[in-house]
2 protein chains.
Amino acid sequence: MRNGADGDGQPPLVQSVDRALAMLSVLADRGSAGATDLGAELGVHKSTASRLLATLEAHGLVEQRGERGTYRLGFGLVRLAGASAAQLDLSRLGRAACERLAAELDETVNLAVLDGDSAVNISQVQGSASVGVLNWVGRRTPLHATSSGKVLLAYGPSAARAALSATSLERYTPATITDAALLDEVLAGVREQGWAATEGELELGLNAVAAPVCAPDGRLVAALSVSAPSYRLPRDRFADVAERLCAVATETGRQLG
Amino acid sequence: MRNGADGDGQPPLVQSVDRALAMLSVLADRGSAGATDLGAELGVHKSTASRLLATLEAHGLVEQRGERGTYRLGFGLVRLAGASAAQLDLSRLGRAACERLAAELDETVNLAVLDGDSAVNISQVQGSASVGVLNWVGRRTPLHATSSGKVLLAYGPSAARAALSATSLERYTPATITDAALLDEVLAGVREQGWAATEGELELGLNAVAAPVCAPDGRLVAALSVSAPSYRLPRDRFADVAERLCAVATETGRQLG
DNA sequence: CCGCACCGTTGCGCATGACGCAACGCTAGC
DNA sequence: GCTAGCGTTGCGTCATGCGCAACGGTGCGG
């Protein structure tokens, strides 16, 4: 173990543990993958990947299809998550907020958190319409093209904004914001009005409004959003929906300790 | 790394990863603990415990209270668990026909059967778009207002048609057929062209096309349908989609014993 | 049928990274 | 004030993580 905190203040990590945990993130993104692919993704030999996976599997954090098949995340994660105090706090309160808003607005409500360069949806409650937004729980979405992402950028750590400015913004539809300067303007507007919206920027026909959930000390914790087909959530509804979102988000944040 | 599966057939584990993951289990049981306690629990020195915890924390699987306080399970577990649960849901969906069509057409595909006075959806596979048709598996839908229902009426037992004619047809939207004579005409047209469609008859903005799955002896078994928001499945696409539906439905029916 | 490519697993031995020791600074309790 | 205990961090040793190579299995194409 050759130590020394590297330049950016990161404490020294146990490399083999770091690699094993990185595999979990890859599987969360990909759904499933083989040992050889996972090894390539991490820059390690497939035999190393196989051994790390065997250890993760022994603890139930991954499962393998068949004797020699691909790996996916395992149910042991759900058990561990169930035991976590953090889950009890934000997930319970977040779920209650989602359920309340979905009942009021009869549309899909999501709670998302910032994870690196993505918004990750951790809770979702759907309205009663058949044409709606499909299950996004666990899915990573691009920050610049989603209402949750804009909120997470506007209220979250400046490092996330800086990191995004240093990359080119991917286009998903003709409406996607791909100019960094324009995105900065939009984010300034988000901070001013207290909520964010998207109109067909991630996917044609999909609109959404989001508000920040902040802890009592002012830190951003999550983004609460309502999303729907654009014909049910047109621009002229945004302000009304945002008002409800902000009220529930503020109250949810107040209850977080 | 000295290998050799030990006596009980367990593959060799990467020791440091094993230790780190064991810490997660201890925290799940205990709620929170310090590095010294966790080290004692695992039989390792507290400095080793501290480094393993730092690595788990870098991945969000544990969180520390304050600068030098106790550790507890972290929010990263909730994110990973969410991804895991979503995958388990997806793995339950669909027959071969539903999967094949959804892959081809990239829309929601359902298989429904006739049950008394309703169409009951028994399988569903969704396309990749976020704005789509939510999970209908197990849900009963009205025969006269859904494409599956029209197929089940047109090709199914005449008793179902008679029973429906004896009741008043409920209106769901302005487009719903509520006149029994008109419905009879529509069903005759369905039998003639071999497929059925609905345009906003159950829900505004929801269109669908369906074809019959018949056993080799000609009996109606089920209805195979594709549904989507109307802007993605407008009337001028119905015939093309129906052609694919009928081909897959016919082949599926042929395979039924 | 065969050969080939690719997969995940496993044995092996090397060298590097995980480990324990020791020291440090901080906090809480007396 | 002092003491005890905490988590963190530098250091050097050696044990364990690593990549190489081989194996057996599977799928594909000729």
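Student: Is Cys246(A) buried or exposed, or something in between?

Tutor: Cys246(A) is partly exposed, because its relative accessible area is 23%. Buried means under 20% relative accessible area, exposed over 50%, and partly exposed in between, using a 1.4 Å probe and protein chains only. Cys214(A) counts as partly exposed as well, at 24%. Keep in mind that this is a predicted model: local features need pLDDT of at least 70 and side-chain atom pairs count only at pLDDT 80 or more, while totals for chains, interfaces and linings use all residues. Residues are numbered from 1 along each chain as its sequence is written, chains are lettered from A and ligands numbered from 1 in the order in which they are written, and side-chain values use heavy atoms, with hydrogens and water left out.

Student: OK, switching to chain B. Which residues of helix 8 are buried?

Tutor: Leu183(B), Leu187(B) and Val190(B). They sit on the same side of helix 8 of chain B, because they cover an arc of only 50 degrees around the axis, taken from the directions from the helix axis to the C-beta atoms. Helices here are DSSP runs of H or I with at least four residues, strands are runs of E with at least two, and both are numbered from the N terminus.

Student: What does that buried side pack against?

Tutor: Helix 6 (147-155), helix 7 (158-165) and strand 8 (196-199) of chain B, where contact means heavy atoms within 4.5 Å. The face turned away carries the exposed residues Glu185(B) and Glu192(B). Just after helix 8 of chain B, Gly194(B) takes a positive phi of about 90 degrees.

Student: How does strand 8 pair with strand 9?

Tutor: They run antiparallel, joined by four bridges; two strands pair if DSSP finds at least two bridges between them. Ala196(B) stands opposite Ala210(B) in strand 9. On its other pairing, strand 9 meets strand 10 (residues 220-229) of chain B, antiparallel over nine bridges.

Student: How covered is strand 9 of chain B?

Tutor: Mostly: eight of its nine residues are buried.

Student: Last one: how much area is buried between chain B and chain A?

Tutor: About 4,800 Å², with carbon and sulfur atoms giving 69%. That is the accessible area (1.4 Å probe) that the two parts lose on being put together, summed over both. In chain B, Arg79(B), Ser130(B) and Leu134(B) lose the most area to chain A, together 14% of what that side buries.
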